[in-house]
Amino acid sequence: MDVSAIHLGHFQAMLLFALVISVAFGFLSRRRPIERIKYILWSLFLFLAIGIGIGWAMYPFSR
Amino acid sequence: MPSENNPNQMMGEQPDNASPSAAPSSAPVETLANAPNEISNAEKSFGGKSFGERPAGRQTQALAIAVAAWLVPGLGHALLKMWGRAVASFLTVAVLVVVGAGMRGNIFTSGGSDAFDTLGYIADLGAGCFYFLARSLERVGADVSHANGDYGTRFLATAGILNLLAALHAFEAARGHKA
């Protein structure tokens with residue numbers, strides 16, 4: 001199997017990373033399905049919000 | 001109140017599909033909350049009980065589950081009949097490794113030249129059998145001259161660390177700690 005052709009943009013990579021980690025943390029730290037879903041969604045939102053926030057915070061220093 | 005003679009209850013093993021509302025009066029939540037007391041009671045009254053109920057036996061069993069969880073992501077939770085966590089651990093580690101290798105991330109080897117290489121090797125090795133899968137998938141070698149390869153390196157390291165976390169979780173669950 002050749003998987004050497006995966007090209008993800010910055011946001012796509014961040015989104016995939018945030019989704020996978022949120023799912024893993026949600027399943028490991030919560031027991032009931034509804035609590036897992038809430039945790040996954042909240043964690044995913046925080047990952048993205050903080051990531052985009054830090055990105056914009058660095059923008060003035062990028063040049 | 002759960003029976004002391006039930007090793008599953010004393011180990012705090014809970015299938016993921018256990019629902020407190022669907023359970024009889026000895027609800028799983030109540031069992032988990034009382035698990036430490038039950039374990040200490042079992043340790044006090046130890047003698048003539050089966051292997052799994054002995055503190056040393058339980059510790060050995062928990063270590064075996066942790067090693068299994070490290071070698072094959074999700075296997076530790078599967079042995080504890082925590083199916084949801086087993087599937088989630090396996091899939092998340094698998095996705096991170098396949099995508100990380102596909103993005104041509106750096107897979108560290110034991111012959112690292114500095115401390116960062118060694119740390120990277122330890123992190124990568126945390127993925128267990130997926131470490132070797134990643135090496136077989138990445139035939140053309142790493143390319144960290146672009147952001148894609150750099151992200152791939154992080155994906156691979158995260159897969160290993162995540163698997164170590166899941167193995168630790170399975171170890172704690174096997175010891176009877178609330179998980």
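A residue counts as buried if 20 or more other C-beta atoms lie within 10 Å of its own, as exposed if 12 or fewer do, and as partly exposed in between, with C-beta atoms placed from the backbone. Helices (H or I, at least four residues) and strands (E, at least two) are DSSP runs, numbered from the N terminus.

This is a predicted model, in which local features need pLDDT of at least 70, side-chain atom pairs count only at pLDDT 80 or more, and totals for chains, interfaces and linings use all residues. Residues are numbered from 1 along each chain as its sequence is written, while chains are lettered from A and ligands numbered from 1 in the order in which they are written.

Confidence comes next. The model scores ipTM 0.89 and pTM 0.75. pLDDT is the predictor's confidence in each residue, from 0 to 100. Chain B averages a pLDDT of 77, and 69% of its residues score at least 70. Two stretches of chain B fall under 50. One is residues 1-13, for which the model has 32 contacts beyond four places in sequence. The other is residues 16-51, with 37 such contacts. Two residues are in contact if their C-beta atoms, placed from the backbone, lie within 7 Å.

Now the overall layout of chain B. Chain B has eight helices and zero strands. Its pattern along the sequence is α-α-α-α-α-α-α-α. Of its 179 residues, 42% are buried. Among its contacts with a separation of 6 or more, 70% join residues 24 or more positions apart.

The expected span is 1.5 Å times one less than the number of residues. An α-helix has 3.6 residues a turn, so residues three or four places apart point the same way. Just after helix 5, B:Arg104 takes a positive phi of about 60°.

Helix 5 also matters for the contact between the chains. That contact takes 24 residues from chain B and 16 residues from chain A. Helix 5 and helix 8 of chain B each supply at least two residues of the chain B side. Helix 5 gives the most, with eleven residues. By class, the chain B side has 14 nonpolar, six polar and four charged residues. Here Ala, Val, Leu, Ile, Met, Phe, Trp, Tyr, Cys and Pro count as nonpolar, Asp, Glu, Lys and Arg as charged, and the others, Gly among them, as polar.

Next, the core. A nonpolar core is a set of buried Ala, Val, Leu, Ile, Met, Phe, Trp, Tyr and Cys residues joined through C-beta atoms within 7 Å. The largest one holds 41 residues, of which B:Val97, B:Ala159 and B:Ala170 touch the most other members. Helix 1 of chain A gives two or more residues to this core, as do helix 3 (55-71), helix 5, helix 7 and helix 8 of chain B. The largest share, twelve residues, comes from helix 8 of chain B. Beyond its neighbours within four places in sequence, B:Ala159 is in contact with B:Val93, B:Leu96, B:Val97, B:Gly100, B:Ala127 and B:Phe130.

Helix 8 of chain B has 29 residues and reaches 42 Å from its first C-alpha to its last, close to the 42 Å expected. Just after helix 8, B:Gly176 takes a positive phi of about 95°. B:Ala62 lies in helix 3 of chain B. B:Ala62 is buried, with 21 other C-beta atoms within 10 Å. B:Ala62 touches B:Phe171, B:Ala174 and B:Arg175, not counting residues up to four places away in sequence. The C-alpha atoms of B:Ala62 and B:Gly176 are 9.2 Å apart, although 114 residues separate them along the chain.

Chain A remains. Chain A has two helices and zero strands. Its radius of gyration is 15 Å, well over the 11 Å that the globule rule gives for 63 residues, so chain A is more spread out than a compact globule. The radius is taken over C-alpha atoms, and the rule is 2.2 Å times the number of residues to the power 0.38. Buried residues make up 16% of chain A.
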